[in-house]
Amino acid sequence: MTTLLRGATVWDGVSDAPGGRRDVLVVGDRISAVEDGIRPPDGAEVVELAGHTLLPGFIDCHTHVTLTPALVPALLASPVAVALEALPVLRTLLMNGFTTVRDLMTADNGYNTLDLRDAVAAGLVVGPRMFVAPHMISARGGHGDFSAAVADQYQGHGRPLELACADGPDEIRTRVRAEVRAGADWIKFAATGGFSSPSDDPSQVTYGQEEMDTLVATARDLGRPATPHCYGDEGVRRAVLAGVRSIDHGNLASAATLRLMAERGVFLVPTQYTVLTSARLVDDDAHWAGKPPHKRSKFRRYRQALLDAAAAVAASDVKIAFGTDAGMFPHGENWREFPTMVSTGITPARALRAATSVAAELLGRDDLGVLAPGRTADVVAVPGDPFEDITLTGRVDFVMKAGTVHRRP
C-alpha cells in the first residue's frame with residue numbers, strides 16, 4: 001500500500017519547531033520520502049492535510065490498559081472480563097494518536113496484558129503496539145500489595161491480594177525470572193509507597209539497596225530493562241544507583257537527584273497530569289467526591305513539595321519521556337499530560353519530543369518517534385500548530401500506524 005500525505009506542516013519529532021510544508025510518502029509500513037511537492041505514484045492514496053501539522057505517532061510510556069479509576073473492582077474481576085474491557089481502551093488510545101504504549105502492570109495473577117500485546121501485533125485487536133511489564137514486583141505491605149486496598153474497600157473483610165510480592169534478594173530474583181519467562185518486555189517494581197494505596201506513604205522506601213540491586217541486575221542479565229514506581233527522593237536515588245533505565249513518577253525527586261539521573265542517562269516519566277491536578281485541586285471538594293480520604297490527605301501533605309519538584313524537572317537536563325498513568329484516570333484523556341507539562345515550564349518542543357523521539361529512545365526503538373525516510377510510518381495530524389497551542393494534542397484527527405490509516409479528518 002502506498003499513501004501520500006499532502007499539504008501539511010511537518011514536525012520531525014526532533015527539531016525545536018515545525019519544518020514547513022512537506023509531503024510524506026508512505027510505502028508499506030515505512031516512510032519513503034519527506035519532501036515538498038511529491039507527485040503521487042500510480043495507485044497511491046492521497047490524503048489532503050492542508051492546515052494540519054503532521055507529527056510522529058504519540059508514545060505513552062506509562063499506561064494501565066486493564067485498570068480503571070475504581071481500582072478494587074478491577075482487582076477482583078475475572079481475567080477474561082478485564083481483557084475484554086481493555087479492547088475499547090486500546091481503540092481509544094489509537095484513535096487519539098497514541099500509536100505505541102508501555103503498559104506497566106495488570107491487576108491479576110495472570111498475564112492478560114501480554115496476550116493483548118500479542119493480539120495487537122497479530123492484527124486481531126485494534127490498538128497501539130504495546131511494551132509490557134506484566135506486574136509490579138513489590139515488598140509485602142508495599143504499593144504493589146493490594147491486600148490493604150481490598151480490606152479498605154470492604155471494611156476489613158477483604159482477602160490477601162499480594163500479586164507479585166517478593167521480599168529479599170532470593171525471592172525477588174525468582175519473581176523477575178518468572179516475569180521474563182512469561183514474556184515480559186520490561187520489569188517494573190515498587191521502590192516507594194504511593195498516593196492511592198492506603199497503607200504506605202509516597203516518601204517511604206519499600207526496598208533496600210541490595211534488593212533493588214538484585215532486581216535490576218537479574219533483569220539486566222536476562223536482557224530486560226527495569227523501571228520503578230517511585231515518588232520519594234531516596235527511593236529515586238536508590239533506583240538510579242541500582243541501574244534502572246527510567247524512573248516512573250519521581251514527583252518528589254530533588255534537584256540533586258535529577259542531576260544524578262541526567263549524568264547517568266536515566267529517563268524520567270513524570271506522569272504530571274494526574275499528580276499535579278490532585279495537588280492543585282486538593283482543596284476542591286468536587287474534585288475529591290467519591291475518592292478515598294487517605295489519598296486527599298497525602299496530596300495535602302505533599303502539595304507544595306510536588307509543585308516545587310515539578311519546577312525542578314522543568315529546569316533540569318533530565319531526559320523526560322511522556323507517560324500518563326492512564327487507567328488511574330480515564331483513557332482518552334492521555335493528551336492532557338501535554339498542557340500539564342507545559343504549565344510547569346517545560347517547553348512545547350520538549351513536551352512533544354517526550355512523546356515521540358525521546359520516548360522511542362527510552363523504548364530502544366529507533367524506528368519510532370521520528371518522521372524521516374526509513375522510519376516506521378506512525379503519523380498523526382492535528383488541525384493547527386501545537387507549538388502555539390499545545391491543547392491541539394487533544395484534537396488529533398488523522399492517525400496512521402505502521403502505514404495503515406485508522407482515522408481521517
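Author: Contact means heavy atoms within 4.5 Å. This is a predicted model, in which local features need pLDDT of at least 70 and side-chain atom pairs count only at pLDDT 80 or more, whereas totals for chains, interfaces and linings use all residues. Residues are numbered from 1 along each chain as its sequence is written, and side-chain values use heavy atoms, with hydrogens and water left out.

Reader: With which residues is Phe-189 in contact, leaving aside its neighbours within four places in sequence?

Author: Among them are Met-136, Ile-137, Tyr-207, Leu-215, His-229 and Val-244. Phe-189 belongs to strand 10 (residues 187-190); strands (E, at least two residues) and helices (H or I, at least four) are DSSP runs, numbered from the N terminus.

Reader: Is Phe-189 buried or exposed?

Author: Buried means under 20% relative accessible area, exposed over 50%, and partly exposed in between, with a 1.4 Å probe and protein chains only. Phe-189 has a relative accessible area of 0%, and therefore counts as buried.

Reader: In what order do the strands of the open sheet stand?

Author: Two strands pair if DSSP finds at least two bridges between them. Here six strands make an open sheet in the order 9-10-11-12-13-14, with parallel pairing. Its edges are strand 9 (136-137) and strand 14 (319-320), each of which pairs on one side only. Strand 13 (residues 267-269) is joined to strand 14 over two bridges in the parallel sense, and Leu-268 stands opposite Ile-320.

Reader: Which helix packs on the sheet, touching strand 12, strand 13 and strand 14?

Author: That is helix 11 (residues 293-315), whose direction makes about 130° with that of strand 12 (246-252). Axes are lines fitted to C-alpha atoms, for helices over the stretch in contact, and angles run from 0 to 180 degrees between N-to-C directions.

Reader: Which element gives the most to the lining of the largest cavity?

Author: Helix 11 does, with four residues. The lining also includes Leu-268.

Notes
1 Å grid on protein atoms, 1.4 Å probe; cavity = no way out; pocket = protein on both sides within 12 Å on 5 of 7 lines; lining within 4 Å.
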